[in-house]
Amino acid sequence: MSKHRSGIVGVLGQTNVGKSTFLNAVMGEKLLITSPKPQATRNRVRCVYTTDAEQIVFVDTPGLHKAHNQLSRHILREAFRSLRELDVILYMIAPWGSVSSYDRTILESLDGEERPIILLVNKIDIARGNALEETLLAYERTGKFRELVPISATQEKNIDEVLRTLVPYLPIGPAMFPADVKIDRPVEFLIAELIREKIFATTFQEVPYKTAVQIKWMHERDDGLVEIRADIVVDSKSHKGIIIGTKGKLIKHIGSSARSQIEALLGVHVYLELMVKIKQGWTKDSTRIEELTG
Ligand SMILES: Nc1nc2c(ncn2[C@@H]2O[C@H](COP(=O)(O)OP(=O)(O)O)[C@@H](O)[C@H]2O)c(=O)[nH]1
Ligand SMILES: [Mg+2]
């Protein structure tokens, strides 16, 4: 029998390239939220992929980006903090045709990096003409990558190929997590994230960026239904009005779309109650940022 391998693998790359979508595809279920808007992911989250032969701890990171306010500085710290522990780096891009200036900067900061870096070219389903070939050539020329794998996270294309390519680079060693652990966060975190995802999907401009979700309590009734009370924390009175919407329409929509995904996650019926709370200026207060973004 070949030796068991186990290691920590980071998924890096510009916000919105599809890192969280890719990890959901690897895990075969929706554990992480995704959004067409940039910077939906705020936290470093580990997803644990376990087979008999290997255990891969994937770290989803908020994209590395320029920090222009206190909350984004916090998010950036989370991203960099995750770099140190990695055994292998998956660097994700989209088929842009050439090396983006963002990637050039990040790749330069990884100069002299001895850990293996594997390039994932995501979104090949929307690559035009020769864009994929040109992208592969351009990134290969940087000389930074041991392997290059084109994928489509939404179409779950080549996900197995990523795993096959990656495993030989993992150190030999025993599993770090019990086989049934899939994510290193409590279920309350996943529920709060699903609610936040719906807020990302239905609000605009600065509103989703200045909103946090806190699970106040969860309670299983005798009939098996789970009651959940969550606070949606906003930065100002006007944001509260936006999230509630005319005649409460928007918050109702957020609640029902989140509820059906929470039910899928928990496998039980859920009663979800949402309240909107104002904490003026929370995105500028480091104690509150810690408290509200975990
Ligand atoms: N067409 C296409 N869209 C994708 C693919 N992977 C992710 N996306 C979309 O890209 C957006 C950003 O994805 P997300 O996983 O949140 O990116 P992250 O910020 O890197 O975690 C979402 O709207 C995804 O549905 C893909 O393979 N093809
Ligand atoms: Mg993400």
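Two strands pair if DSSP finds at least two bridges between them. By that rule, Val 121 has Pro 150 in strand 6 as its bridge partner. The model is predicted: local features need pLDDT of at least 70, side-chain atom pairs count only at pLDDT 80 or more, and totals for chains, interfaces and linings use all residues. Residues are numbered from 1 along each chain as its sequence is written, while chains are lettered from A and ligands numbered from 1 in the order in which they are written. Helices (H or I, at least four residues) and strands (E, at least two) are DSSP runs, numbered from the N terminus.

**Domains**

- The domain assignment gives domain 1 (5-169) and domain 2 (187-293). Such bounds come from an automatic or database domain assignment.
- The centres of domain 1 and domain 2, taken over C-alpha atoms, are separated by 28 Å.
- Across the boundary, 11 residues of domain 1 are in contact with 13 residues of domain 2. Contact means that the C-beta atoms of two residues, placed from the backbone, lie within 7 Å.
- The side of domain 1 that touches domain 2 divides into 4 nonpolar, 5 polar and 2 charged residues. Ala, Val, Leu, Ile, Met, Phe, Trp, Tyr, Cys and Pro count as nonpolar, Asp, Glu, Lys and Arg as charged, and the others, Gly among them, as polar.

**Ligand 1**

- Ligand 1 is surrounded by 20 residues. The closest are Gly 18, Lys 19, Ser 20, Thr 21 and Thr 34. A residue is near a molecule if its C-beta atom, placed from the backbone, lies within 6 Å of it.
- The shell around ligand 1 divides into 5 nonpolar, 12 polar and 3 charged residues.

- Strand 2 and strand 3 (residues 54-60) run antiparallel and are joined by 6 bridges. Val 45 has Asp 60 in strand 3 as its bridge partner. A hairpin of 3 residues links strand 2 to strand 3.
- Strand 5 (residues 117-121) and strand 6 run parallel, with 4 bridges between them.

- Strand 7 and strand 8 pair in the antiparallel sense over 8 bridges. Ala 212 stands opposite Val 233 in strand 8.
- The hairpin of strand 7 and strand 8 has 5 residues between the strands, and Gly 224 in it takes a positive phi near 95 degrees.
- Strand 8 (residues 226-234) and strand 9 run parallel, joined by 9 bridges. Val 234 stands opposite Ile 278 in strand 9.

**Helix 1**

- Helix 1 (residues 19-27) is mostly covered, with 8 of its 9 residues buried. A residue is buried if 20 or more other C-beta atoms lie within 10 Å of its own, exposed if 12 or fewer, and partly exposed in between; C-beta atoms are placed from the backbone.
- Among the buried residues are Lys 19, Ser 20 and Thr 21.
- The buried residues of helix 1 pack against strand 1, strand 2, strand 3, strand 4 and helix 5.
- Gly 28 follows helix 1 and has a positive phi, near 75 degrees.

**Single residues**

- Asn 16 is in the loop between strand 1 and helix 1. Asn 16 is not a glycine, yet has a positive phi of about 80 degrees. Asn 16 counts as partly exposed because it has 19 C-beta neighbours inside 10 Å.
- Lys 247 lies in the loop between helix 7 (237-244) and helix 8. Lys 247 also has a positive phi, of about 55 degrees, although it is not a glycine. Lys 247 is exposed, because 7 other C-beta atoms lie within 10 Å.
- Arg 104 lies in helix 3 (residues 101-109). Arg 104 has 12 C-beta neighbours inside 10 Å, so Arg 104 counts as exposed.
- Arg 104 and Thr 142 are 38 residues apart in sequence and 8.9 Å apart in space, C-alpha to C-alpha.
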